[in-house]
Amino acid sequence: MTIRFDNRVAIVTGAGAGLGRAHALLLAERGAKVVVNDLGGAVDGRGGAHAAADTVVAEIKKRGGTAVANYDSVATPEGAKRIVKTATDAFGRLDIVVNNAGILRDKSFGKMDPGDFDAVMQVHLFGSYHVTQAAWPILYQQKYGRVVMTTSVAGTNGNFGQTNYGAAKMGLLGFMNCLAIEGAKNNVLVNAISPGAITRMTEALVPAARATYMKAEFVAPAVAYLCSEDCKVTATIINASSAGYSRTHYFETDGVQFDPDKPVTLEMFAEAFPAVTDLKAVEPIALGVFSTERRLKKIGKV
Ligand code: NAI
């Protein structure tokens, strides 16, 4: 089995370094024409330069691939529109969007000023929204598209000093879940990668023994798979780090169902609390399905 992207056009945001660079190189190596978007700023999002995107475009071309640079910020609707226009102007179509661009403004919550919270939300959550929104009509109307969000364990698992980042990264999963429902009937699949790799963003944070294995090249195959025609899943979160891969998913406890024709007292809830929260009996959450229906059905109320 060989997975190829011939005649496919991909946008990878924040592809001038780190993970985005690895994603762009792999997609291009397998035949995709790639828009290498990167603002070229610092880890905290300040500044900008063309060198980041230009370097990766040159690398792709040197390896025989096809790529074009774009230097816009994902964090504005105008920038996002220009990113999409770069793809359609240069290559005449668009099939794949990898929302990867990101910044960090880590601080404990008590010390975090609203500007740092906002900047992180603007790049990760709103940036992914803006680029996806600009691309959506094309993907939806041509009845083919692959969109990848980049989430993080900082959101799904929590991490000290990253309330802004964790909120943005979890926001992306809600965005993914709802968009996946809307895209499904037109073969626009929306999935997420939760990566772990040593990049300039993480190099100071990970112990050396673990860092050796955390190569961005180990994350790229998972992202490229989610971008491929072979991928049939949607709203799926894939963890990829150090050549290890898994899925993060949400489960809901079986819980407790009282008779909805009668009042529920505070004490009834308090007594039921251990059963409400008991993780021994859980159901995987299914996209667009709500457990109220299941529980009421069980007692014959609907
Ligand atoms: P990185 O700092 O090497 O790469 C991020 C790139 O995004 C940079 O080249 C930067 O210039 C670009 N960028 C930042 N703001 C932008 C904007 N407004 N518009 C366009 N480009 C912009 O960091 P890394 O590690 O490669 O991060 C990539 C993604 O993976 C981010 O979304 C990050 O949050 C996520 N991630 C990374 C993890 C890791 O272990 N490295 C862990 C979990 C998530």
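**View 1. Strands E7 and E8 pair in the antiparallel sense over five bridges, E8 covering residues 244-248.** The model is predicted: local features need pLDDT of at least 70 and side-chain atom pairs count only at pLDDT 80 or more, while totals for chains, interfaces and linings use all residues. Residues are numbered from 1 along each chain as its sequence is written, and side-chain values use heavy atoms, with hydrogens and water left out. Strands (E, at least two residues) and helices (H or I, at least four) are DSSP runs numbered from the N terminus, and two strands pair if DSSP finds at least two bridges between them. Look for asparagine 239, whose bridge partner in E8 is serine 246. Two residues sit between the strands of this hairpin, where serine 242 takes a positive phi near 55°.

**View 2. E7 also pairs with strand E6 (residues 188-196), here in the parallel sense and over five bridges.** Alanine 192 has isoleucine 237 of E7 as its bridge partner. Four of the five residues of E7 (residues 237-241) are buried, so the strand is largely enclosed by the rest of the structure. Buried means under 20% relative accessible area, exposed over 50%, and partly exposed in between (1.4 Å probe, protein chains only).

View 3. Tyrosine 165 puts a polar side-chain atom 2.5 Å from a ligand oxygen, and arginine 200 has one 2.9 Å from an oxygen atom of the ligand. Over at serine 73, an N or O atom of the side chain is 3.0 Å from a ligand nitrogen. Taken alone, the ligand exposes 820 Å², and the protein buries 97% of that (Shrake-Rupley method, 1.4 Å probe). Helices H1 (18-29), H4 (114-141) and H6 (163-183), along with E6, are the elements that give two or more residues to the shell around the ligand. That shell divides into 11 nonpolar, 15 polar and four charged residues.

**View 4. Aspartate 259 sits in the loop between strand E9 (251-253) and helix H9 (266-277).** With a relative accessible area of 29%, aspartate 259 is partly exposed.

How values were computed: Polar contact = N/O pair within 3.5 Å; in protein donor to acceptor, adjacent residues only side chain to side chain. Nonpolar A, V, L, I, M, F, W, Y, C, P; charged D, E, K, R; others polar.
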